[in-house]
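Trainee: I am new to this structure. Please pick one part of it, look at it closely with me, and then show me how the rest is arranged.

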Amino acid sequence: MNNLVTDIAVLVLAGFVGYTVISKVPNTLHTPLMSGTNAIHGIVVLGGLLLMSQSSGVLEKILLVVAIAFGTINVIGGFLVTDRMLGMFKSKDKPVKDTTDGPEGES
Amino acid sequence: MTQVPIALHLLRQAAPPFWQSTDFIDCLYIVAFILLVYGMTGLTGPRTAVRGNKIAAVGMAIAVIATLLRQHEFSGSGTVWLILLGVAIGTAIGIPAALKVRMTAMPQMVAIFNGVGGGAVALIAWVEFRHGFASPGQLSVTPHALGGFLTINQTTRGTFPLRVEIFELFGAIVGSVSFWGSNIAFGKLQEILPGRPIKLPGQALINLGLLAVAVASAVILCTGSHSQALFIIGILVVAAILGNMVVLPIGGADMPVVISLLNACTGLSAAATGLALDNTVMIVAGMIVGASGTILTNQMAKAMNRTVPSIIAGGFGGAVAAPAGAAGSGGGGTVRSTSAQDVAIQLSYARLVVIAPGYGMAVAQAQHAVRELERALEAKGVEVKYAIHPVAGRMPGHMNVLLAEADVPYDLLREMDDINPEFSRTDVTLVIGANDVTNPAANTDPGSPIYGMPILEVDKSGAVVVLKRSMASGFAGIDNPLFYDPKTSLLFGDAKASVSEITAEVQAL
């Protein structure tokens, strides 16, 4: 049972990390951020990979192939879309910095 | 990515055992989640965001590779091929979808990507249960193989260790809700389904009832000896209905909040799957998304002066909107419509013009036309600025992305708090496809459902020109007194066509 306790400790700490990281994001980046975190929860694809070697029966295998396909769409699609969105800001690097620093500096 | 399993397959035959040791793989997992967290930190700053995203992607790749290394009990090449098949299908669908999607369609793309993630969680939970209960002989394979930390349950009934059961059931319910909810959100944003709230009488009670049924079934499944294989399907179905029922009554305006919430839910369900499978990197990644998604959801809801519970309870636009519309100051008054030529003259002789774009501009694909108009006006010596409401578009920051796509210089974009004091010296404000974010009722009418929502105070400017498709109210379904203001004139028609027409008139002057 010790492992469960360790896992829950990891869970709680990860929660705090997530909270801290996100609490200082400029509004402008909310959409790319949502898309980026969306890609990160595609980590569930690991579950499909882990279970595949232990699955038995056609139904289970079909379900897992679908699950892995879903997870892959989530991961690859998520990261690509985020990259595309961010690429639009990239070429205008300096102005981006300008506007996002502005409101913070005033308040 | 598709090369990986083959490489591993070859590697396995010659590989020293240390590749497959739990310690080594756990170390890789640590590297993976360091990269994921570091990458995500990068995503929070405009200068580091691109790199952050790539770092996170590398972290994800390492996690996948480590997981494949762990499969030392690969039973034959069938497994490899099936994994490859799944990855290939996912890649074949994911890459083209991500590369082709238009920036305006981004919210629904995020919704659908989020949905498939939730679907994956639900399917994995289903397999876990089928597997665990249908074949008692191998029931402890999963936790055993993943570290052997749990005593093997010897009963022939085939019970999971409770931790696996509880977390997988959580994953099954939340994942299924997320999958179906996201699909509905996608349908609404894609306008396959009507954006208006679809509501049954007693909806909230029905939803609570469904949730109760799902949780009760889960508890029975944990404690009892019922036919579990069927039970889990039942739970998935109930959760699916719940997902549909929760999102259907929610109006289009609240959709970004809902997507963000579902995003957080999928994260939590991924973390639960990680707990069930004792997989650190899944726990970390899932939980970070769960936590950050929750904060993001709150920030979005706050920007709209809504609370998350009231959004989930559903239906702006339903019973609330009708009396609010009637009570709105000047509601039902007459509107003044104008022509493109008049607008062009108005704009050309102004000193400062503020453009307040909304989602209507985006759907009409008018951002490039708007940029043209801005250039034409600047050529005439008119100062032009853009006023960006935090929830303009359909997600916070969405409008910035759309305008960035049209090459609008970033220093022309003004956030709400910066632009509001400037409206008093603005000659003409051009409202393009925005409605609720400009509704003065939010400041003046305590009876309005959006009372207190921060708005762009366009009614303070000298004159207002509103480009609209029709007199239909905004997504929130609330009448906008701005349209009846004597200094407001309306130009009806498709936003892109109207803007192009105005631009042509401006250039001809």
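Mentor: Let's look at the sheet, beginning with the rule for pairing: two strands count as paired if DSSP finds at least two bridges between them. Strand 2 and strand 3 of chain B meet that rule, with three bridges in the parallel sense. Please keep in mind that this is a predicted model.

Now for the whole sheet. It is an open sheet of six strands in chain B, in the order 3-2-1-4-5-6, and the pairing is parallel. Strand 3 (413-415) and strand 6 (488-492) of chain B are the edge strands, each pairing on one side only. From one strand to the next, the twist averages 25°. As background, strands of a sheet pair through backbone hydrogen bonds, either parallel or antiparallel.

Next in the order comes strand 2 of chain B. Five of the six residues of strand 2 of chain B are buried, so this strand is largely enclosed by the rest of the structure.

Strand 1 and strand 2 of chain B run parallel and are joined by four bridges; one place to look is B:Leu352, whose bridge partner in strand 2 of chain B is B:Glu383. With strand 4 (residues 428-432) of chain B, strand 1 (residues 352-357) of chain B pairs in the parallel sense over five bridges. In that pairing, B:Pro357 has B:Ile432 of strand 4 of chain B as its bridge partner. A helix belongs in this picture too: helix 16 (residues 367-379) of chain B packs on the sheet, where it touches strand 1, strand 2 (383-388) and strand 4 of chain B, and its direction makes about 175° with that of strand 1 of chain B.

The largest nonpolar core has 193 residues, and B:Ile432, A:Ile43 and B:Ala285 are the ones that touch the most other members. Helix 5 of chain B gives the most to this core, with 16 residues. In general, nonpolar side chains of soluble globular proteins tend to be buried together. To see residues of both chains around one position, go to B:Ala285: setting aside neighbours within four places in sequence, B:Ala285 is in contact with A:Ile40, A:His41 and A:Ile43 of chain A, and with B:Phe33, B:Leu36 and B:Ala270 of chain B.

That takes us to the interface, where 105 residues of chain B are in contact with 84 residues of chain A. Helix 5 (residues 106-134) of chain B again gives the most, now to the side of chain B that touches chain A, with 17 residues. Sorted by class, this side of chain B has 62 nonpolar, 32 polar and eleven charged residues.

How are the two chains built? Chain B has 20 helices and six strands, and 56% of its 509 residues count as buried. Chain A has five helices and zero strands, and 60% of its 107 residues count as buried. In chain A, look for helix 3 (residues 45-52): eight of its eight residues are buried, so helix 3 of chain A is largely enclosed by the rest of the structure. Among these buried residues are A:Val45, A:Gly48 and A:Met52.

Finally, a word on confidence. The predictor gives the complex an ipTM of 0.83 and a pTM of 0.74. The mean pLDDT of chain A is 79; among the elements of chain A, helix 3 has the highest mean pLDDT (90) and helix 5 (residues 93-106) the lowest (38). Over residues 91-107 of chain A, pLDDT stays under 50.

Chain B also averages a pLDDT of 79. Confidence in chain B is highest in helix 10 (residues 255-277), at a mean of 91, and lowest in helix 13 (residues 321-327), at 35. The pLDDT is below 50 over residues 134-158 of chain B and over residues 316-331 of chain B. Where pLDDT is low, the predicted coordinates should not be read in detail.

Methods
Residues are numbered from 1 along each chain as its sequence is written. Chains are lettered from A and ligands numbered from 1 in the order in which they are written. This is a predicted model: local features need pLDDT of at least 70, side-chain atom pairs count only at pLDDT 80 or more; totals for chains, interfaces and linings use all residues. Two residues are in contact if their C-beta atoms, placed from the backbone, lie within 7 Å. Helices (H or I, at least four residues) and strands (E, at least two) are DSSP runs, numbered from the N terminus. Ala, Val, Leu, Ile, Met, Phe, Trp, Tyr, Cys and Pro count as nonpolar, Asp, Glu, Lys and Arg as charged, and the others, Gly among them, as polar. A residue is buried if 20 or more other C-beta atoms lie within 10 Å of its own, exposed if 12 or fewer, and partly exposed in between; C-beta atoms are placed from the backbone. Axes are lines fitted to C-alpha atoms, for helices over the stretch in contact, and angles run from 0 to 180 degrees between N-to-C directions. A nonpolar core is a set of buried Ala, Val, Leu, Ile, Met, Phe, Trp, Tyr and Cys residues joined through C-beta atoms within 7 Å. pLDDT is the predictor's confidence in each residue, from 0 to 100.
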